[in-house]
Amino acid sequence: MSEENGNGCAETLIAPQLADFVANLSHEDIPEDIRTRATYLMLDAVGIALASTQYDFAHRTLTALSGFGSGDGHVIGFGARLPLRDSVMLNALLVHGLDFDDTHVAGVIHATAAAFPVALGVAADRRLSGRDLLTTYIAGMEASTRLGAVAKGGFHQVGFHPTGMVGVFACALIAGRMNGLTSSQLAMAQGIALSMASGSMEFLQDGAWTKRMHPGWAGVSGITAAALAKAGFTGPNAVYEGRFGLFPLYLDKEHFAQIDMSLATAGLGEQWEISNVAIKPIPACHFTHASADAASALRTAHSLNPEDIESVCARVPAGVMKTVCEPIEHKQSPQNSYDAQFSIPYAVALGLIHGRFGLSDLTQEALNDPAVQDLAKKVSCEAYPDAPFPRYYSGEVIVTLKDGRVLSHREEINRGNPDRPLTNDEIAEKFWETATTAVSEDTATKIKNAILDIDNLADSRSLAALLAGNNE
């Protein structure tokens, strides 16, 4: 299917191409190393979800959704049973809730947080095999990461969170394939999902919890869009390119002029974006990682005493300033864990004082540490023009000491980036650290073995039950 774009030139629409890819992808089409890496991405997501069950935001969300009644959907770590869409909503919130989940670098989206809960939930509901779950998860990941990449980071600049906005289309494709939709129905599901794409960045102003719900809302909407498409409900055809399609509608003129629509379908079935998904070593916005590591490196190299520091300057890509540096007064004094996770001053102060940033640094006690608070107020931010963003989320920290010395360290490639990836063994270690905050070592071992052996799983419902802590 083709349509004229705004310049009067015929172009092939993106939605049917993504639909054909998702509908026709087979397990055998996917290289073994990509399938293996995908299982580790899922393992990482499950560990984070389990850890999230220890936090207030998760319990309050469970209370809210339980008010809609019970169902057959399993909730990771809680043992609760909710209707399918509500279980997907909560599971996605658990995966994304600590901002410790993976990021596709070029797309600047948390692709797994939306894709995996839908794949797990619908596969369990339909009693599909683990192989079906894995294949469809990968198909959805390949679609969402490419769609995110088209915008080249532009969504963030105009106040939209692309994890939810872009994730809804992947979720519609995943749910649609698992429910037997044809290619044309999958294309229509994307058109319906266009009216559901959402995600505001306003949470940055006050540490609100709303970002946590974005991938789950994408899942709810994606399942709904697929069901409507299967029943014959119609949506627009030019989902991404049309006058009010995704990219013209959600980007201003400046950022729309910079997009590359070809990235939405480039290399489908030949180049695998799963390999370009970065695993987080730090439980905070990926944009803070390089600066946090640079600060830690300075502490290690120079045995810095916070009392000897006059001022600190963190230099970051211009494209991340709005998210992790502005307004600077707010970022220098984070009031809650979410504030801290999006604060360069807090991440740098932790690195200079403690040499690390872990989950324990998100407690209120840690946030109230006078030494960290005082040093964070000395951290300013500036953009440097040569930053290779969004390929790398680089960071440089420059420390001026009271004796006049100036020390600096730059992390050009952030840890976890595809050009500096965490190994599968390192991901497994991270899973162990996160999962065992909530479950026993024996249970964590069973979960790890089940996910890494998902190809041999006959019924995905048994996996969903295991993750929830239910016997079935």
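**Strands, helices and cavities**

Tutor: Strand β9 (residues 395-401) runs antiparallel to β10, and six bridges join the two. Strands (E, at least two residues) and helices (H or I, at least four) are DSSP runs, numbered from the N terminus. Two strands pair if DSSP finds at least two bridges between them.

Student: What should I know about the model and its numbering?

Tutor: This is a predicted model: local features need pLDDT of at least 70, side-chain atom pairs count only at pLDDT 80 or more, and totals for chains, interfaces and linings use all residues. Residues are numbered from 1 along each chain as its sequence is written, and side-chain values use heavy atoms, with hydrogens and water left out.

Student: How many residues lie between β9 and β10?

Tutor: Four, and the two strands form a hairpin. G404 sits in the turn, with a positive phi of about 100°.

Student: What is the strand order in the sheet?

Tutor: β8-β7-β9-β10. That is an open sheet of four strands with mixed pairing. β8 (379-383) and β10 (406-411) are the edge strands, each pairing on one side only. From one strand to the next, the twist averages 20°.

Student: Which helix lies across β7, β8 and β9?

Tutor: α17 (residues 344-354). Helix α17 runs at about 125° to β7 (309-316). Angles here go from 0 to 180 degrees between N-to-C directions, and axes are lines fitted to C-alpha atoms, for helices over the stretch in contact. Contact means heavy atoms within 4.5 Å.

Student: What is the phi of D99?

Tutor: Positive, about 50°, although D99 is not a glycine. D99 lies in the loop between α4 and β5 (103-104).

Student: Now helix packing. At what angle do α2 and α6 cross?

Tutor: Roughly 90°, with the axes of α2 (residues 32-52) and α6 (residues 130-150) coming within 10 Å. So α2 is roughly perpendicular to α6, a label for 65 to 115 degrees.

Student: Which residues make that contact?

Tutor: I34, R35, A38, T39, L41 and M42 from α2, against L133, L134, Y137, I138 and M141 from α6. By class, nine are nonpolar, one polar and one charged. Nonpolar covers Ala, Val, Leu, Ile, Met, Phe, Trp, Tyr, Cys and Pro; charged is Asp, Glu, Lys and Arg; the others, Gly among them, are polar.

Student: Last topic. How many cavities of 30 Å³ or more turn up?

Tutor: Four, in a search of the whole structure. A cavity is a set of points on a 1 Å grid where a 1.4 Å probe fits but cannot get out; lining residues have an atom within 4 Å of a point. Volume is the space filled by probe spheres set on the points, which are joined across faces, edges and corners.

Student: What lines the largest cavity?

Tutor: 15 residues, with V108, H110, H156, C285 and F287 nearest its centre. The largest cavity holds about 120 Å³ of space.

Student: Which helix gives the largest share of the second largest cavity's lining?

Tutor: α5, with four residues. The volume of the second largest cavity is about 80 Å³.

Technical notes:
1 Å grid on protein atoms, 1.4 Å probe; cavity = no way out; pocket = protein on both sides within 12 Å on 5 of 7 lines; lining within 4 Å. Parallel < 35°, antiparallel > 145°, perpendicular 65-115°, else oblique.
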